[in-house]
Amino acid sequence: MNKRVIVGISGGIDSFYTAFLLRNSGFDVICLYIKLFDNHETFFRAKMLGELLGVKFEFYDAIKEFKKEVVDRSINMTLLGYTPNPCAFCNMKIKFRILEKIRSDFNYDYISTGHYVKIFHDDITRIFRGFDEKKDQSYFLALVPSIYLKNAIFPLGDFTKKYVKKVMQEKYSFWKDISSSQDLCFVKKGYKKLIQDICGVKVGKFLYKDKVVANHLGSYLYTIGESRGLGHKEPVKLYVESLNHEKNEVYLNTREFCYKSSIIVTDLNFFNELPDRCLVQIRYQAKPVICDIQFNENKLHVSFHEKVFAPTPGQIASFYSLDNRELLGGGIIIGTD
């Protein structure tokens with residue numbers, strides 16, 4: 001009897017190629033579309049892709065769960081002064097939890113998605129960076145509990161995105177006209193506009209060296225390290241160094257003042273034992289740096305060996321082995337030193 005696998009299909013090229021590969025490898029594939037919000041285009045495309053492969057297609061309505069665990073959580077974190085990572089929250093709270101639940105309920109063997117990562121199962125689940133350095137998505141899995149990944153397989157871990165697109169566009173020409181899915185998939189009009197609709201316009205001040213250099217429409221609209229659209233006329237390039245939502249003020253500075261020596265990380269999740277020294281990555285595709293870590297109850301104090309530009313509370317800190325291959329775990333940055 002063929003092994004059975006549930007593939008989370010989004011309507012994009014990566015999840016389709018995953019299902020395509022697994023079907024051609026002899027798996028009994030079921031494509032599961034997890035409905036996160038009302039998007040008829042992606043739903044019908046995912047359904048069409050399942051039919052094209054000749055495999056069973058099902059959908060799961062997760063709109064309420066997604067709103068609570070991802071949308072509302074992201075908005076609440078923003079209003080508290082953090083810069084959330086909705087994609088990581090979705091992987092942690094929605095996608096892999098639902099896939100594993102369905103797998104268990106229907107006694108399937110595996111779950112799979114179109115993530116560019118590698119995974120191995122022994123006594124523990126071990127996750128490694130994908131072969132494609134530019135597309136590696138291990139960072140976004142740092143918060144996912146290993147219990148949701150214990151039956152996961154990731155066929156795209158050995159491929160490059162360029163190769164996947166080439167193969168699929170040659171076989172199915174319609175892929176040339178379909179763009180890749182984006183983060184913040186639930187905000188068509190832009191995340192800043194969503195926050196502004198909720199909070200309204202709150203005119204405040206940009207300050208540089210204790211001097212007002214421009215006005216803004218609300219401190220909630222900005223994130224640490226941002227430099228575009230700040231509206232000042234200073235002769236030097238300025239970045240958001242810090243925020244004060246109570247005063248509705250945004251503090252600007254030159255780039256060198258935005259580098260920090262350490263961070264505090266909470267909401268910890270580990271796949272493997274975390275050594276006293278490892279690598280840490282503070283945003284997607286950022287350069288990992290060597291760090292020393294100290295546990296303090298349920299928090300980590302992470303000291304960088306070299307200062308890092310604009311660590312941002314609310315973002316994910318992902319920890320890797322010193323050879324920069326294995327994902328050891330991650331957490332949420334709540335502060336800097």
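Me: What makes up the lining of the largest cavity, by class?
Reply: The lining of the largest cavity has five nonpolar, three polar and one charged residues. Ala, Val, Leu, Ile, Met, Phe, Trp, Tyr, Cys and Pro count as nonpolar, Asp, Glu, Lys and Arg as charged, and the others, Gly among them, as polar. Among the lining residues are Lys202, Gln196 and Leu217. The model is predicted: local features need pLDDT of at least 70 and side-chain atom pairs count only at pLDDT 80 or more, while totals for chains, interfaces and linings use all residues. Residues are numbered from 1 along each chain as its sequence is written, and side-chain values use heavy atoms, with hydrogens and water left out.

Me: Why is leucine 217 called partly exposed?
Reply: Its relative accessibility is 42%. Buried means under 20% relative accessible area and exposed over 50%, with partly exposed in between (1.4 Å probe, protein chains only); leucine 217 therefore counts as partly exposed.

Me: Why is aspartate 38 called exposed?
Reply: Aspartate 38 has 54% relative accessibility, and so counts as exposed.

Me: How do you know that aspartate 38 and lysine 35 form a salt bridge?
Reply: Their side chains meet at 3.5 Å, N to O. A salt bridge is a side-chain nitrogen of Lys or Arg within 4 Å of a carboxyl oxygen of Asp or Glu, so the pair qualifies.

Me: Why is aspartate 136 called buried?
Reply: Aspartate 136 has a relative accessible area of 5%, and therefore counts as buried. Its salt-bridge partner is arginine 129, with the closest N and O atoms 2.8 Å apart; arginine 129, at 8% relative accessibility, also counts as buried.

Methods: 1 Å grid on protein atoms, 1.4 Å probe; cavity = no way out; pocket = protein on both sides within 12 Å on 5 of 7 lines; lining within 4 Å.
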